Amino acid sequence: MSEKPRLVYVNGRGRMEPIRWLLAAAGVEFEEKFLETREQLLKLIEDGSLLFQQLPLVEIDGMKMVQTRAILSYIAGKYNLYGKDLKERALIDMYVEGITDLMHMLLMFPFSPPEAKEKNLASIADRATKRYFPVFEKVLKQHGQDFLVGNRFSWADVQLLEAILAVEEKIPAVLSGFPQLQAFKTKISNMPTIKKFLQPGSPRKPPPDEHYVATVMEVFK
């Protein structure tokens, strides 16, 4: 039996959270090592563990993988969450890229200066309701299926649910005009592996707080 994947990052969401989500969705248990100091990061760089001197780092199948997108692609392919052919994979890639653009705004939000938070929150709401969520609402409505691509569970479904829940934390009524996405959220949230990940005590990380921001600033400078 192969060893559990080992995730190395700070103790918070950041760029590792979609990786946690995807592994959890695939039913894969993993271990985590949390960095708390700049020195710990520099030691990883000196050891040659970080190809581009950046986290996240995932140790899996004898590899030390960096670059979030590469890690996610590998996990999706390994656990049959990446479509059945090139066309489905292209759709999944497009959807994931769009979701990642939205999630980047949420990723940076905790680091906004206090005077910019209200404006940045309004930008997140605007992008979510006018650019990104309408796309997925339309896709689900047009093909009438439970999942985004090929009527089977994929990486795109996992990332979309992560994004929906993350935006709802900031804007609770954000799905009020999107009935297809409301139904999608309910269905995907109740899939056994996802339901387990959404329970208290799972590896899912809470919304970023001041301690998380301070740790990120200390480790990554």
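Reader: Is threonine 215 buried or exposed, and what is its relative accessible area?

Author: Happy to start there, and please keep in mind that this is a predicted model. Threonine 215 sits in helix α9, residues 210-220. Buried means under 20% relative accessible area. Threonine 215 falls under that cut-off and so counts as buried, with a relative accessible area of 14%.

Reader: Leaving aside neighbours within four places in sequence, which residues is threonine 215 in contact with?

Author: Contact here means heavy atoms within 4.5 Å. With the neighbours within four places in sequence left out, the partners of threonine 215 are Val10, Leu35 and Glu36.

Reader: Thanks! Is asparagine 11 buried or partly exposed?

Author: Asparagine 11 belongs to the loop between β1 (6-9) and α1 (17-25). Beyond its neighbours within four places in sequence, asparagine 11 is in contact with Phe34, Lys205 and Tyr212. Its relative accessibility is 48%, and therefore asparagine 11 counts as partly exposed.

Reader: How many Å separate the C-alpha atoms of asparagine 11 and leucine 160?

Author: Along the chain, asparagine 11 and leucine 160 are 149 residues apart.

Reader: Let us turn to α5. Where does its kink lie?

Author: Helix α5 covers residues 117-143 and reaches 37 Å from its first C-alpha to its last, close to the 39 Å expected. There is a kink of about 45° in α5, shortly before proline 134. The kink lies at phenylalanine 133.

Reader: Which helices do the buried residues of α5 pack against?

Author: The buried residues of α5 include Ile124, Ala128, Tyr132, Phe136 and Leu140. In general, an α-helix has 3.6 residues a turn, so residues three or four places apart point the same way. The buried residues of α5 pack against α4 (86-108), α6 (155-170) and α7 (179-189).

Reader: What is phi of asparagine 151 near?

Author: After α5 comes glycine 144, with a positive phi near 65°. Asparagine 151 lies in the loop between α5 and α6, and its relative accessible area of 41% makes it partly exposed. Although asparagine 151 is a residue other than glycine, its phi is positive, near 55°.

Reader: One last thing: which residues does the cis peptide bond with omega of about 10° join?

Author: Look at the loop between α2 (38-46) and β3 (57-60), where proline 56 lies. With omega at about 10°, the cis peptide bond joins leucine 55 and proline 56.

Terms used: Residues are numbered from 1 along each chain as its sequence is written. This is a predicted model: local features need pLDDT of at least 70, side-chain atom pairs count only at pLDDT 80 or more; totals for chains, interfaces and linings use all residues. Side-chain values use heavy atoms; hydrogens and water are left out. Helices (H or I, at least four residues) and strands (E, at least two) are DSSP runs, numbered from the N terminus. The expected span of a helix is 1.5 Å times one less than its number of residues. The bend at a residue is the angle between axes fitted to the seven residues ending there and the seven starting there. Buried means under 20% relative accessible area, exposed over 50%, partly exposed in between (1.4 Å probe, protein chains only).
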